[in-house]
Amino acid sequence: MPRVDNPLMPLPRQLVFIITDLHIGGTPRLLRDLAAALAAPDSAFRPVVISLKPLPPPCTGTTIPEQLRAAGVPVHTLDITSPAGAVRGIFRLVTLLRRLGPDIVYSLLIHANLLVTLTVPLLARKTRFVQSFHTLQDRPAWHWRLQGMIAPFADAIVVPAKPILDKMSRYGTFARGVVIPNGIDVDRFAAPPAEVALDPEKLPWPRDAVVIGYVGRFDPVKNLPLLLRAFARLQTMLSQALAERLHLALVGYGPEEEAALRGLATSFHLGPPGSRIHFVGRTSSPEAWYKHFTCLCLPSSVEGFGLPLIEALAAGIPVVTARTAVSVGILRELNEGRLVAELAPDSLAHALQEVMTNVRAPGEILRSRERVRRE
């Protein structure tokens with residue numbers, strides 16, 4: 001029977017998301033899931049996504065723009081590649097937004113927040129403007145000063161954790177601050193579906209390996225050189241039998257940073273490249289990897305939320321991470337978390353050693369899904 005729309009029901013509202021880029025990372029993946037869910041036939045919204053930077057090249061349906069379009073979400077790019085190009089980008093954005101006629105514009109991250117702040121007053125119709133900010137890193141300091149200057153122009157500021165709002169308030173005022181923790185599909189991480197599951201026989205490490213994992217971008221703020229140094233230090237702290245089973249898996253990308261990390265890994269003389277430290281590459285299905293880690297390590301102290309943290313908890317593996325107001329708030333009383341106050345190779349290695357020497361069977365590590373949802 002054909003669907004009959006109720007003429008008394010309000011029309012779907014046009015919601016435009018604007019983000020700095022759509023390369024695979026925590027915030028773009030979060031946007032992908034949110035926009036795809038809002039594109040459902042019975043949704044009250046019609047989402048559209050705009051990227052400031054050029055889109056990643058198509059890759060057999062694995063890129064975020066391809067996944068958005070497959071979910072029925074239109075994707076556009078302003079193709080901004082330089083500061084000078086941002087001026088042209090403003091005019092492109094005004095033209096595009098006037099054509100779309102959005103009810104709500106939701107920008108994510110500082111560059112998008114700034115561009116939309118300059119653009120919204122030029123629109124012909126009244127548009128509600130929401131900014132989103134996702135980091136606690138101190139540098140570059142101009143990010144915070146600029147965010148403090150533009151925050152008053154938004155109808156609301158959305159952040160994934162309260163400490164971000166607390167810090168932002170030191171740089172300026174805002175009309176309304178809202179904390180919405182990042183969310184994931186818990187079931188998908190607790191039991192990855194068959195279409196993304198990895199064959200254990202094809203993993204780059206032995207089946208009996210003890211694997212420290214990392215998932216995310218290779219970016220200086222992620223503090224990955226510290227993780228490599230702690231891994232090298234850990235080799236000398238474990239029993240010979242356990243040290244021989246120890247591997248480090250880095251799932252992510254970042255060409256410049258990866259080259260430096262590979263050089264650092266080689267300097268530790270831990271065997272041929274790829275024998276103990278594995279650069280797995282980027283992935284559009286992080287849920288497929290967690291089940292093959294013994295633990296996850298996040299050595300960054302500036303995460304605004306740390307999406308891999310809750311993904312690992314949902315997958316049922318322990319986490320070693322920097323002690324911050326955000327990580328303490330997420331882990332609270334969970335016994336699988338190890339919070340490291342002093343980020344140094346020795347202290348991080350000792351935290352990892354505590355986890356490595358208490359390795360349990362996967363069935364024992366998995367907590368109940370209900371407890372994960374409460375956290």
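**Side chains in detail**

Modeller: The count of disulfides is zero, a disulfide being a pair of cysteine sulfur atoms within 2.5 Å. C295 is in no disulfide, and its nearest cysteine sulfur, that of C297, is 6.6 Å away. This is a predicted model, in which local features need pLDDT of at least 70 and side-chain atom pairs count only at pLDDT 80 or more, while totals for chains, interfaces and linings use all residues. Residues are numbered from 1 along each chain as its sequence is written, and side-chain values use heavy atoms, with hydrogens and water left out.

C295 counts as buried because its relative accessibility is 0%; buried means under 20% relative accessible area, exposed over 50% and partly exposed in between, with a 1.4 Å probe and protein chains only. C59 has a relative accessible area of 41%, so it is partly exposed.

Next come the rings. There are eight aromatic pairs. Rings of Phe, Tyr and Trp (its six-membered ring) pair if their centres lie within 6.5 Å; planes under 30 degrees apart count as stacked, over 60 as edge-to-face and the rest as tilted. One of the pairs is F218 with F279, 6.3 Å centre to centre with 85 degrees between the planes, which is edge-to-face. This pair links distant parts of the chain, 61 residues apart: F218 is in the loop between strand 8 (210-215) and helix 8 (224-235), and F279 is in strand 10 (residues 277-281). Helices (H or I, at least four residues) and strands (E, at least two) are DSSP runs, numbered from the N terminus. F218 and F279 are both buried.

The pair of Y290 and F293 is edge-to-face because the planes are at 75 degrees, with the ring centres 6.1 Å apart. Y290 and F293 are buried as well. Elsewhere, F133, W144 and Y171 are linked into a cluster by ring pairs.

Leaving aside neighbours within four places in sequence, E311 is in contact (heavy atoms within 4.5 Å) with R29, I184, F189, P286 and Y290. E311 lies in helix 12 (residues 307-315), and its relative accessible area is 1%, so E311 is buried. The side chains of E311 and R29 are joined by a polar contact of 2.8 Å. A polar contact is a pair of N or O atoms within 3.5 Å; within protein, one must be able to donate a hydrogen and the other to accept it, and residues adjacent in sequence count only if both atoms are side-chain atoms.
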